[in-house]
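Hi everyone, thanks for coming. Let me bring the structure up on the screen, and then we'll walk through a few of its local features together.

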Amino acid sequence: MISLRIRAALYAVALALLTVPTPAQAAPAVSDSALTLTVTDDGSGTVLSSTDLLCHPAGGSHPQAAAACAALDPAGGDLDHLTGRTGVMCNQLFQPVTAGAEGLWQGTRLHWQRTFSNLCGLHTRTDPVFRS
C-alpha cells in the first residue's frame with residue numbers, strides 16, 4: 001500500500017502539473033471585410049441563397065470563400081468590376097434574379113444590388129462571389 005505521505009506528494013505533483021500555465025493562444029484573426037450575399041428570385045420573391053463571406057482572412061459560410069475574396073480583391077470590393085467568367089453562353093430564358101451584397105469591405109460600408117435576366121447571367125458576371 002502507498003503511504004499517506006507518498007499519496008499526498010503524488011497529488012501535489014499532479015496538481016502542480018495541471019495548474020502550469022500554458023502559452024497564450026493567438027487571438028482569432030478579425031476580418032476587415034464581412035458581406036452578406038443574397039440571391040432572390042424576382043418572380044416569387046423567394047430567397048434562393050444567402051451566405052456570409054469574410055475576407056482577410058477568408059471564411060464565413062460561403063462555400064468558396066477564398067476564391068470569392070480573391071475575385072473581390074483586384075476589384076477593390078466593387079462588385080461591378082468583377083471579372084466573372086468569360087466564354088460562357090447563357091440561354092435567353094427570362095427568369096430575373098436580384099443579387100445583393102451588404103456589409104463592410106476593408107472597413108468601408110458596402111451596399112450593392114443588381115438584377116440579372118437569369119442565374120446564368122448572374123454567375124457569368126460575378127462568379128465565384130455569388131456561387132453557393
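A search of the whole structure, which is a predicted model, turns up 2 aromatic pairs. Take Trp 112 and Phe 116: their ring centres sit 6.5 Å apart and their planes meet at 40 degrees, so we call this pair tilted. Are these two residues buried or exposed? Trp 112 has a relative accessible area of 6%, so it is buried. Phe 116 is buried as well, with a value of 9%.

Next, the backbone. Here's some background: most peptide bonds are trans, and most residues other than glycine have a negative phi. With that in mind, have a look at the loop between β2 and β3, where we find both His 56 and Pro 57. The peptide bond joining His 56 and Pro 57 is cis, with omega at about 10 degrees. His 56 is not a glycine, yet its phi is positive, at about 65 degrees. With 29% relative accessibility, His 56 counts as partly exposed.

Where else is there a cis peptide bond? One joins Asp 127 and Pro 128, and its omega is about 5 degrees. You'll find Pro 128 in the segment after α3.

Last stop: the loop between β4 and β5, which holds Gln 106. Gln 106 is not a glycine either, but has a positive phi of about 50 degrees. Its relative accessibility is 46%, so Gln 106 is partly exposed.

That's my tour, and I'm happy to take questions!

Note on methods
Residues are numbered from 1 along each chain as its sequence is written. This is a predicted model: local features need pLDDT of at least 70, side-chain atom pairs count only at pLDDT 80 or more; totals for chains, interfaces and linings use all residues. Side-chain values use heavy atoms; hydrogens and water are left out. Rings of Phe, Tyr and Trp (its six-membered ring) pair if their centres lie within 6.5 Å; planes under 30 degrees apart count as stacked, over 60 as edge-to-face and the rest as tilted. Buried means under 20% relative accessible area, exposed over 50%, partly exposed in between (1.4 Å probe, protein chains only). Helices (H or I, at least four residues) and strands (E, at least two) are DSSP runs, numbered from the N terminus.
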